[in-house]
Amino acid sequence: MRSARGTVTRVAACRLLVLVVCPCAFADTLVSADPPVTADRAGDEAGDEAGEWSAGVSVAAITPQQPMMLEGFGSRTRPAEGEATEWYAKALALRDARGTRLVIVTSDLIGIPRPLRERVEARIGKRLGLPPESLLLNASHTHCGPELKMTSTALEELSTQRQRRTIEYCKWLEDTLVKLIEKALAGFAPAQLSYSHARAGFAMNRRLKNPDPRRGEPYLNHLNPKRPVDHDVPVLQVSWKNQARRAVLFGYACHNTTLFVNE
Ligand SMILES: [Zn+2]
């Protein structure tokens, strides 16, 4: 996303997004292996002043209330055995000087199933007039999140109990996301935006050319330090006038499969 003269101009949706909402300073929440390489404060560049932008945020816990199978590793045979941490969905709603709205939702999920996206989009569009292009639903792609099955093809492979639990959870998740977005849109207040870049060096290319393409796929899912990688961390900070709270949205391109825990 880029801020220019108080208008929404572009949204990059192809990477992991994390929204941090905190009551004070945010510097400690951003993992950065190297110091920032560029700094381009939108406010300085475009002459933004508090009042041209409005923003609202909301947070909702989305931790399942009963043990569910976790997504991400097909070799799991048992439901979650505990709760290492709470899972969250967070929404940041922005409104520019022309009244154009944008809502970005981040979530601790493996992904956003198409039916979930369509249902949330339809409900928010009908109730609040938000067009589809103004809603971005993003998942952190955690491999320790709940199983999300919403199509008949995906459900038919599951036991009766697994079907019931994922159907119930997906319905509850849909309702929770709708309330989350409504709350963010209802909380608009004059805000100041700033945009900068940081750098984090832990991501690595995982596309290795198969030395023997006659066997298997032409490319293997294997570490390849010689190939390109994107270490850029775009950061959007939102602050509100006369308020101590801050919201920080940052993105990073990586496949976070490092945790193989069942909780
Ligand atoms: Zn994955």
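**Helix packing and the nonpolar core**

The axes of helix H2 (residues 114-128) and helix H4 (residues 160-186) come within 10 Å and cross at roughly 40 degrees. Axes here are lines fitted to C-alpha atoms, for helices over the stretch in contact, and angles run from 0 to 180 degrees between N-to-C directions. The model is predicted: local features need pLDDT of at least 70, side-chain atom pairs count only at pLDDT 80 or more, and totals for chains, interfaces and linings use all residues. Residues are numbered from 1 along each chain as its sequence is written.

H2 and H4 are therefore oblique to each other. Angles under 35 degrees count as roughly parallel, over 145 as roughly antiparallel, 65 to 115 as roughly perpendicular and the rest as oblique. The crossing of H2 and H4 is right-handed, meaning that the near helix is turned clockwise from the far one by less than a right angle. On the H2 side, the contact is made by Leu116, Arg119, Val120, Arg123, Ile124 and Leu128. H4 contributes Cys170, Leu173, Glu174, Leu177, Val178, Ile181, Glu182 and Leu185. Two residues are in contact if their C-beta atoms, placed from the backbone, lie within 7 Å. The residues of this contact divide into 10 nonpolar, no polar and 4 charged. Ala, Val, Leu, Ile, Met, Phe, Trp, Tyr, Cys and Pro count as nonpolar, Asp, Glu, Lys and Arg as charged, and the others, Gly among them, as polar.

The protein chain holds 4 helices and 13 strands. These are DSSP runs, numbered from the N terminus (helices: H or I, at least four residues; strands: E, at least two). Of its 263 residues, 27% count as buried. A buried residue has 20 or more other C-beta atoms within 10 Å of its own, an exposed one 12 or fewer, and a partly exposed one falls in between.

The largest nonpolar core has 37 residues. Such a core is a set of buried Ala, Val, Leu, Ile, Met, Phe, Trp, Tyr and Cys residues joined through C-beta atoms within 7 Å. H4 gives the most to this core, with 6 residues. Ile181 is among the residues with the most contacts inside the core. Ile181 touches Ala91, Val103, Val105 and Ile124, not counting residues up to four places away in sequence.

Two loop residues complete the picture. Glu133 lies between H2 and strand E8 (135-137). Glu133 is exposed, with 9 other C-beta atoms within 10 Å. His141 lies in the loop between E8 and helix H3 (152-155). With 18 C-beta neighbours inside 10 Å, His141 counts as partly exposed.
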